[in-house]
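Here is my note on the two-chain model you passed along.

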Amino acid sequence: MATLKNFWQFITDTLRIITTGSRYYYAWIGFLLLLIMIGAVAYAGQLRHGLIVTQMRDQVSWGFYIGNFTFLVGVAAAAIMLVIPAYIYDWEPIKEITILGEMLAISALIMCLGFVMVDIGRPDRFWHIMPLVGSLNWPQSMLAWDVLVLNAYLLLNWFVVTYLLFCAYTERHYVKKIVTPLVLLSIPMAVSIHTVTAYLYNGLGARPFWNSAILAPRFLASAFCSGPAILLILLQVLRKTTKLSIKDEAIFKIAELMAYTMGFNLFLTAAESFKEIYSGTEHMVYFQYLLFGLKGHNTLVPYAWASIIFGFVAFILFLVPRFRTNWVTLNIGCVLIYASVYIEKGMGLIIPGLTPDALGEIYVYTPSFTEIAVAAGIFAIGFLAFTLMLKAAVPMMLGEFTISRRRKASDQQEAERPA
Amino acid sequence: MMDQDSHQPAGSCDGTATGCSEGRREFLGAAVAAVATALTGCGKLTKEEFLQHSFRELSKDEVLSVIARLEKEYKEKYGKEVKVANTPAIPGVIFGYALDLSRCIGCRRCVHACVQENNQSRSPEVQWIRVLELDKEEGVNLQHAEHYYNPEEVPREGHFYMPVQCQQCKKPPCVKVCPVGATWREKDGIVVVDYNWCIGCRYCMAACPYGARHFNWGEPGLAAKDVNPDTHYLGNRPRPKGVVEKCTFCVQRTRKGLYPACVEICPTGSRKFGNLLDKDSEIRYVLENKRVFKLKEELNTQPNFFYFYGV
């Protein structure tokens with residue numbers, strides 16, 4: 001009962017903490033709300049007219065929305081990049097910041113579900129895909145699997161984050177017997193969400209570009225490059241703006257791990273490219289569309305090469321210890337690898353998978369204004385969720401905002417009030 | 001008998017729901033329906049339509065009341081009687097199709113007859129048959145296919161023509177991937193879609209190796225004068241926006257013993273259709289006496305649609 005009461009206070013205090021802040025905080029929240037509004041207006045138009053307001057058509061039936069979805073599943077999966085060393089090797093400096101990775105995963109998953117929701121033609125029928133209520137075509141459909149694992153992963157991370165913060169808030173040490181198994185479970189779960197998402201494409205014999213056995217490993221390798229890149233920048237921002245102490249050591253360790261995954265990612269990309277280009281079967285047309293252009297259509301070519309070059313330069317920056325311990329080159333590397341993977345796992349994956357289409361037609365797809373506006377809105381929702389979580393979590397983690405301090409403060413107010 | 005049922009009130013499906021699905025329905029309140037109405041982008045979604053379950057899970061009575069509701073809706077929308085049949089597969093029939101590539105002249109009459117028969121959206125126009133113009137020197141090489149050929153006269157020198165539509169696979173990848181089971185293979189081998197259950201995720205379109213599935217990107221533009229009132233629930237009834245559709249071998253015709261519209265219109269007799277289980281059928285004659293091939297055989301989709309060179 002007391003726990004329930006405490007939990008209620010935890011919720012109300014959290015609400016209070018996220019609704020008060022500095023001018024900059026309000027400006028940032030206001031900016032995100034503005035983007036969300038723009039996205040909502042664009043989405044309202046899409047609901048009214050149908051998906052015809054996008055540039056997707058029968059030939060290229062998935063585009064910007066699903067590209068972003070795929071990329072963000074990777075970001076969500078990358079939370080384990082921090083969890084693995086923290087818990088397997090019991091490495092304290094990273095352990096403290098694991099909760100940040102989990103919050104990033106939650107925000108990424110919210111965006112993932114948002115992108116799926118805006119992509120479907122009949123959002124009013126969303127309940128058809130809900131387990132038990134609708135009729136999920138499980139285990140046949142990989143999309144059914146994806147619905148299950150994504151939601152399970154979301155619940156798991158949400159529970160762990162809430163539990164850890166609630167413990168910090170009530171000034172109790174968390175129960176290791178609860179947290180450790182859940183965190184360990186999140187490792188295979190993170191691998192599974194990205195594997196299942198890769199299988200979604202991988203299992204389609206109709207699309208040779210996706211129908212490659214190393215697609216899932218490539219997904220994981222690239223996710224473990226881009227996800228931590230976001231975190232590295234974030235950790236530096238948090239160090240500057242809050243009292244949260246994050247050791248250089250932790251950041252450099254993550255950077256070192258990233259160097260390995262980036263090398264592996266480049267290797268896998270090279271392996272795939274070699275197989276396609278050297279054997280030169282008719283399946284090469286998709287690679288050709290991506291890397292060199294096909295029949296005069298070369299929309300993707302500059303992006304594809306930018307992705308490869310960025311990925312390679314970032315790899316060098318992370319590989320050489322002198323560069324990855326220098327803040328300027330480290331941050332340049334983070335931005336480059338993020339951009340590289342965003343292209344590779346977004347449009348660089350979806351579009352050549354569908355172009356040329358199943359009957360050899362080339363339909364040149366570029367996202368419409370509506371698609372970009374809706375996507376901006378969804379990204380803003382994710383950033384908003386992350387900002388609000390951080391706003392509440394940081395003082396709780398620092399022990400600045402706890403139930404006894406709150407009670408003391410309100411008792412003081414009570415006492416100061418004239419009788 | 002169906003006439004009688006069509007006079008039932010549209011909401012009667014609630015009363016006839018089975019215990020299990022009743023519970024599920026109650027779980028979803030009217031509030032959810034209201035949100036869902038907003039999500040369709042129009043204010044016309046009824047509670048019955050929103051709560052309607054997958055076609056294969058409906059009881060006989062529920063199907064009849066759904067059909068009654070649809071017929072009423074179509075009458076309001078198009079101002080004429082539209083019949084929605086629910087004819088099941090005929091026992092002992094599996095439909096097969098064969099297309100003679102040496103006779104086809106690429107006139108696209110099949111494409112347009114199909115659109116008229118099957119109530120496709122005219123604007124934007126949805127076509128279930130795509131005729132490819134191929135180079136004689138290349139053979140069946142889709143990377144050399146011309147989709148939008150438009151000469152004064154067909155056939156063009158040096159070319160041959162290959163119409164592609166749903167191949168009604170025995171192992172349809174589209175059915176396998178559908179997350180909600182809104183598409184399936186009927187007993188007579190026809191792959192159908194429940195337009196009232198499809199969520200419009202388009203995974204089936206990514207999975208189909210034949211480009212046979214089409215999406216209603218916008219509100220289907222079908223004028224009242226163009227409506228073919230002789231429809232089937234799983235076939236050519238007018239579709240809503242945001243769902244996938246495809247060739248059904250004209251299920252509304254073929255289950256009554258008629259030829260599909262594309263077979264009937266073909267001026268060269270390139271299109272052969274019949275019961276694969278009937279030894280005396282024309283389709284069996286083709287399989288026996290011509291050498292046939294399947295499109296993208298290596299994918300093991302096992303089409304019931306065959307191509308052959310008849311001359």
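1. Conventions. This is a predicted model, so to speak of local features pLDDT has to be at least 70, side-chain atom pairs count only at pLDDT 80 or more, and totals for chains, interfaces and linings use all residues. Residues are numbered from 1 along each chain as its sequence is written, with chains lettered from A and ligands numbered from 1 in the order in which they are written.

2. Confidence. The predictor puts the complex at an ipTM of 0.94 and a pTM of 0.92. The part to treat with care is residues 1-22 of chain B, where pLDDT stays under 50. For that stretch the model has 26 contacts beyond four places in sequence; a contact here means C-beta atoms, placed from the backbone, within 7 Å.

3. Chain B overall. You'll find 12 helices and 12 strands in chain B, taken as DSSP runs (H or I over at least four residues for helices, E over at least two for strands) and numbered from the N terminus. Of its 311 residues, 46% are buried. Buried means 20 or more other C-beta atoms within 10 Å of the residue's own, against 12 or fewer for exposed and partly exposed in between, again with C-beta atoms placed from the backbone. Among chain B contacts between residues at least 6 apart in sequence, 66% join residues at least 24 apart.

4. The interface. Here 43 residues of chain A are in contact with 48 residues of chain B. On the chain A side, α2 (23-49) and α7 (142-169) each supply at least two residues, and the largest share, 4 residues, comes from α7(A). By class, that side has 21 nonpolar, 12 polar and 10 charged residues. The classes are Ala, Val, Leu, Ile, Met, Phe, Trp, Tyr, Cys and Pro as nonpolar, Asp, Glu, Lys and Arg as charged, and the others, Gly among them, as polar.

5. The core. The largest nonpolar core has 201 residues, and A:Ala76, A:Ala79, A:Met103, A:Cys112 and A:Ile337 touch the most other members. Such a core is a set of buried Ala, Val, Leu, Ile, Met, Phe, Trp, Tyr and Cys residues joined through C-beta atoms within 7 Å. Helix α6 of chain A (residues 98-119) gives the most to this core, 14 residues. Leaving out residues up to four places away in sequence, A:Ile337 touches A:Cys225, A:Ser226, A:Ala229, A:Met262, A:Phe310, A:Gly311 and A:Ala314.

6. A helix pair. The axes of α10 (residues 248-279) and α12 (residues 301-319) of chain A come within 9 Å and cross at roughly 145°. Axes are lines fitted to C-alpha atoms, for helices over the stretch in contact, with angles from 0 to 180 degrees between N-to-C directions. Residues of this contact include A:Met262 of α10(A) and A:Gly311 and A:Ala314 of α12(A). Its residues divide into 10 nonpolar, 2 polar and no charged.

7. An enclosed helix. Why is α11 of chain A (residues 284-291) largely enclosed by the rest of the structure? Because 6 of its 8 residues are buried, among them A:Tyr286 and A:Phe287. The cover over these buried residues includes α10, α12 and α15 of chain A. Just after α11(A), A:Gly293 takes a positive phi of about 90°.

8. Most residues other than glycine have a negative phi, and most peptide bonds are trans. Against that, cis bonds join A:Thr355 to A:Pro356, omega about -5°, and B:Ser123 to B:Pro124, omega near 0°. B:Pro124 sits in the loop between α7 (109-117) and β3 (130-135) of chain B. B:Asn119 is in that loop too, with a positive phi of about 55°, and is buried, having 26 other C-beta atoms within 10 Å. B:Phe249 also has a positive phi, near 55°, and counts as buried with 29 C-beta neighbours inside 10 Å.

9. A:Ala358 is buried, with 23 other C-beta atoms within 10 Å. Beyond four places in sequence, A:Ala358 touches A:Ala206, B:Cys208, B:Pro209, B:Tyr210 and B:Gly211.

Conventions
Two residues are in contact if their C-beta atoms, placed from the backbone, lie within 7 Å. pLDDT is the predictor's confidence in each residue, from 0 to 100.
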